[in-house]
Amino acid sequence: MDEILASSWDRKLSKDLAAEIEACTGDKRETVEEMRRFLAVKGYRELLQCLRTARDGKDSEEALRAIAHEMRKYALQRPALSAAAFRSAAVDCPQWRAAHDELHSFMIDVLGDCGVAGEGAEDALNMLRSLVRGFVLNEMMHCLIGVYSYEDSFDSAIRVFVAGLPALGGPRPGTRL
């Protein structure tokens, strides 16, 4: 059973990658590292545009909820590019680092609007990325028992995440006031 589920996920990733390679503008990518960089930069840029659109006209927690749902939607529609965009930026490629930094700054700004800054915002961003990625993987592999609607379940998880943000805004454990 695991092999069947994994192969459907692999097939979806392969189709997504093949579509991107076919749509390539003519720059030949000869190594895995070149393709990884190309896909990561493309993923960061596409994801950022989707998130900006989702945030438009919203602020604070409403914007964060919209962005979280858009992250999930993007990951479901573009699994390979979202996987590339969710990776940490490589230091050997200025384009990758710049695209990562732009997306990161956008997300830190959104979290700041929710009252979370500094290390708390970094923690919240890592939690959100993990939450989105975990839900998407579970959804793609259909491995959550008793879930009738992944959308409703994800919405509940995001509500809990947003409600918990104030816990990240205060002093860090072990720090002096």
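## Burial and the overall fold

A residue is called buried here when its relative accessible area is under 20%, exposed when that area is over 50%, and partly exposed in between. Leucine 47, with a relative accessible area of 1%, is therefore a buried residue. The model in which this holds is a predicted one, and across the 177 residues of the protein the buried ones make up 38%.

The protein has eight helices and zero strands, and the order of its elements from the N terminus is accordingly α-α-α-α-α-α-α-α. Of the contacts between residues at least 6 apart in sequence, 69% join residues that are at least 24 apart.

## Leucine 47 and its surroundings

Leucine 47 belongs to helix α2, which covers residues 32-55. When residues up to four places away in sequence are not counted, leucine 47 touches Met71, Tyr74, Ala85, Phe86 and Leu103. Between leucine 47 and arginine 78, which stand 31 residues apart along the chain, the C-alpha separation is 9.6 Å.

Two of these contacts, Ala85 and Phe86, are themselves among the buried residues of helix α4, a list that also includes Pro79, Ala80, Leu81, Ser82 and Ala84. Helix α4 spans residues 79-86, and because seven of its eight residues are buried, it is largely enclosed by the rest of the structure.

## The packing of α3 against α5

Two packed helices are described by the angle between their axes and by the distance between those axes. For helix α3 (residues 60-77) and helix α5 (residues 94-113), the angle is about 140° and the axes are 8 Å apart, while the crossing of α3 and α5 is left-handed. On the α3 side the contact is made by Ser60, Leu64, Ile67 and Met71, and on the α5 side by Phe106, Met107, Val110, Leu111 and Asp113. Sorted by class, this contact of α3 with α5 has seven nonpolar residues, one polar residue and one charged residue.

An α-helix has 3.6 residues a turn, so residues three or four places apart point the same way. Met71, which takes part in the contact from α3, is also one of the residues touched by leucine 47. The C-alpha atoms of aspartate 101 and tyrosine 44 lie 9.5 Å from each other, although the two residues are 57 residues apart along the chain.

Arginine 72 is a residue of helix α3, and its relative accessibility of 6% is the reason why arginine 72 counts as buried. The side chain of arginine 72 makes a polar contact with the side chain of glutamate 139 at 2.8 Å, and another with the side chain of glutamate 151 at 2.5 Å. Apart from residues up to four places away in sequence, arginine 72 touches Val132, Val136, Glu139, Tyr150, Glu151 and Phe154.

Glutamate 139 sits in helix α6, which runs over residues 118-141. With a relative accessible area of 16%, glutamate 139 is likewise under the 20% cut-off and so is buried.

Cysteine 114 occupies the loop between α5 and α6, and because its relative accessibility is 14%, cysteine 114 counts as buried. Setting aside residues up to four places away in sequence, cysteine 114 touches Ser60, Glu61, Leu64 and Leu165. Two of these, Ser60 and Leu64, also take part from α3 in the contact with α5. From cysteine 114 to valine 162 the C-alpha distance is 8.6 Å, and the two residues are 48 residues apart in sequence.

Cysteine 50, by contrast, is partly exposed, since its relative accessible area is 23%. Where a disulfide is taken as a pair of cysteine sulfur atoms within 2.5 Å, the count comes to zero disulfides.

Terms used:
Residues numbered from 1 in each chain as written. Predicted model: local features only at pLDDT ≥ 70, side-chain atom pairs only at ≥ 80, totals over all residues. Heavy atoms only, no water. Axes fitted to C-alpha atoms, helices over the stretch in contact; angles between N-to-C directions. Helix = DSSP H or I, 4+ residues; strand = E, 2+ residues; numbered from the N terminus. Left-handed = near helix turned anticlockwise from the far one by under 90°. Contact = heavy atoms within 4.5 Å. Nonpolar A, V, L, I, M, F, W, Y, C, P; charged D, E, K, R; others polar. Buried < 20%, exposed > 50% of the residue type's maximum accessible area, 1.4 Å probe, protein only. Polar contact = N/O pair within 3.5 Å; in protein donor to acceptor, adjacent residues only side chain to side chain.
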